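I am opening a notebook on this protein. The entries below record what I looked up, in the order I looked.

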Amino acid sequence: MWQKPTLAHATIKVWLAAAALGVRAFAQADKPAAEPPFTALFKPGDTASKNFRIPTLVCTPKGTLVAVADRRPNGGADLPANIDLAVRRSADNGKTWSPIQVVVDLPAPDGASDSAAVVDRRTGRVWIAFTVGYNAGIAQAKKGLTGQTAVSHLLFSDDDGVTWSAPINIGPQVKDPAFKWMGFGPGAGSCMADGTLTFSCYANKEGVPDLFSFAIVSEDRGKTWRRTAPYTTFTCESQLVALSDGRWMACSRDRKGRGSRLVAFSSDRGQTWTEMRQEPQLPCPQCQAGLIRITHPKAPKGLLVYTGPEGKKTGRSRGTVRISDDDGQTWRFSTAVVPGSFAYSTPALMRDGRLGLIYEHNHQEMRFITLDLGALTGGAYPSSPLSKQQ
């Protein structure tokens, strides 16, 4: 049942103290007293599915929230499996939601999985990127664009997610035939100030140890796409944002499990990257994490909003929101918002200036909560309808 969120007085005192002292956010976040009020958007049993995973969330210029998740009718296993893409919509800031709509349903043993989504801020078009596994996951995929492999696809909607295009195979544009697996995000793509659209990706190929991350980029409103240079190996499940000075920042999952996210920067639109390094201010077990950039009338450099688990190195719990107002040099604000199970997540800026957050609970249920930006930043950056997501 939906209830109006409340904040414990003690928690507010911690936030205000942190803001006053300019505390660097690698200190452990305060622990919320209880699970916040939530809406279960996708849960076992819905549409006769045993499991849902991999949540994605965007908000359109009209204020419609579009949530996407893997529908896994036979259980929680990754590809290769019978996996579909499911969508729900909300036109009232997450108070009520449309019924589940299955937008991609492939015949087994093929499946569609690991979605990322972005809104073109100029046209309002909603893009969903996803991987089609042709009887293949990471371990089974063979190199090439056909056969037992993984291929990149897109969908788009021009009516706030009511109807969707047929799947568009962009494998020939973005997948090196030497790649075996190629996956997206998952999570949020970016629509940069100049209209550039990006999705983070990862792949593997023979002769390269482990997975490696990169992004795909469109500079013509999604008509054509290109790959950036890779960030580094032993990474996957990245997010990419543009900073206030024009540099791009990539934030990736560390496949070596050293307990924090990895970051790298590009000053030439992804042609080259700085050496990817650990960011101790973003502690995280081996897990996907969310990252978006928003403008704010009181933040000259905008705000980076990060969401991820902060349990022990191998644990996916204690969902935490971290916010930077200096292009990621420091993560000044840190708030634990979910004390229990918290795995993959995606934040989105809602039209009223609050944050919507979708996250995995127990790797089977997708939950949605709303968060007040002012509370998360100790009053420094109140929720504002003038804010915009990149």
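Before starting, I note that buried means under 20% relative accessible area, exposed means over 50%, and partly exposed is in between (1.4 Å probe, protein chains only). I also note that helices (H or I, at least four residues) and strands (E, at least two) are DSSP runs, numbered from the N terminus.

**Entry 1: ground rules.** This is a predicted model, in which local features need pLDDT of at least 70 and side-chain atom pairs count only at pLDDT 80 or more, while totals for chains, interfaces and linings use all residues. Residues are numbered from 1 along each chain as its sequence is written, and side-chain values use heavy atoms, with hydrogens and water left out.

**Entry 2: confidence.** I looked up pLDDT, the predictor's confidence in each residue, from 0 to 100. Its mean over the protein is 92, and 92% of the residues reach 70 or more. Over residues 1-27 the pLDDT is below 50, and this stretch has 44 contacts in the model beyond near neighbours in sequence. A contact means heavy atoms within 4.5 Å. Where pLDDT is low, the predicted coordinates should not be read in detail.

**Entry 3: the whole protein.** I found 3 helices and 26 strands in the secondary structure. The radius of gyration (over C-alpha atoms) is 19 Å, close to the 21 Å of the globule rule for 390 residues, so the protein is as compact as a globular protein of that length. That rule is 2.2 Å times the number of residues to the power 0.38. Along the principal axes, the C-alpha atoms fill a box of roughly 60 × 45 × 40 Å. Of the 390 residues, 59% are buried. Among contacts with a separation of 6 or more, 56% are between residues 24 or more positions apart. The accessible surface, by the Shrake-Rupley method with a 1.4 Å probe, comes to about 14600 Å², and carbon and sulfur atoms hold 53% of that.

Entry 4: Two strands pair if DSSP finds at least two bridges between them. I traced an open sheet of 5 strands with mixed pairing, in the order β9-β8-β7-β6-β11. Its edge strands are β9 (168-169) and β11 (187-188), each pairing on one side only. Strand β6 (residues 111-119) runs parallel to β11, joined to it by 2 bridges. There, Ala116 stands opposite Gly187. On β6's other pairing, with β7, the sense is antiparallel and there are 7 bridges. Ser113 has Thr131 of β7 as its bridge partner. β6 and β7 form a hairpin with 6 residues between them, and Gly124 in the turn has a positive phi of about 85 degrees.

**Entry 5: strand β7.** How many residues of β7 are buried? For β7 (residues 126-133) the count is 8 of 8. In a regular strand the side chains alternate between the two faces of the sheet. In β7 both faces are covered: Val126, Ile128, Phe130 and Val132 are buried on one side, and Trp127, Ala129, Thr131 and Gly133 on the other. β7 also pairs with β8 (residues 150-157), antiparallel over 8 bridges, where Ala129 stands opposite Leu154.

**Entry 6: an antiparallel sheet.** A second open sheet that I followed has 4 strands with antiparallel pairing, in the order β16-β17-β18-β19. β16 (235-242) and β19 (277-283) are its edge strands, each pairing on one side only. β16 and β17 (residues 248-254) are antiparallel over 6 bridges, with Trp248 in β17 as the partner of Ala242.

Entry 7: Asp114, in strand β6, has phi near 55 degrees, a positive value in a residue other than glycine. Asp114 is buried, at 9% relative accessible area. Glu237, in strand β16, also is not a glycine and has a positive phi of about 45 degrees. Glu237 counts as buried, at 5%. I then looked for cis peptide bonds. One runs from Leu79 to Pro80, with omega near 5 degrees, and Pro80 lies in the loop between β3 (65-72) and β4 (84-90). Another joins Ala108 and Pro109, with omega about 15 degrees, and Pro109 lies in the loop between β5 (101-104) and β6.

**Entry 8: Ala289.** Ala289 lies in the loop between β19 and β20 (290-296) and is buried, with a relative accessible area of 2%. Not counting residues up to four places away in sequence, Ala289 touches Gln239, Arg261, Tyr306, Thr307, Gly308 and Ser345.
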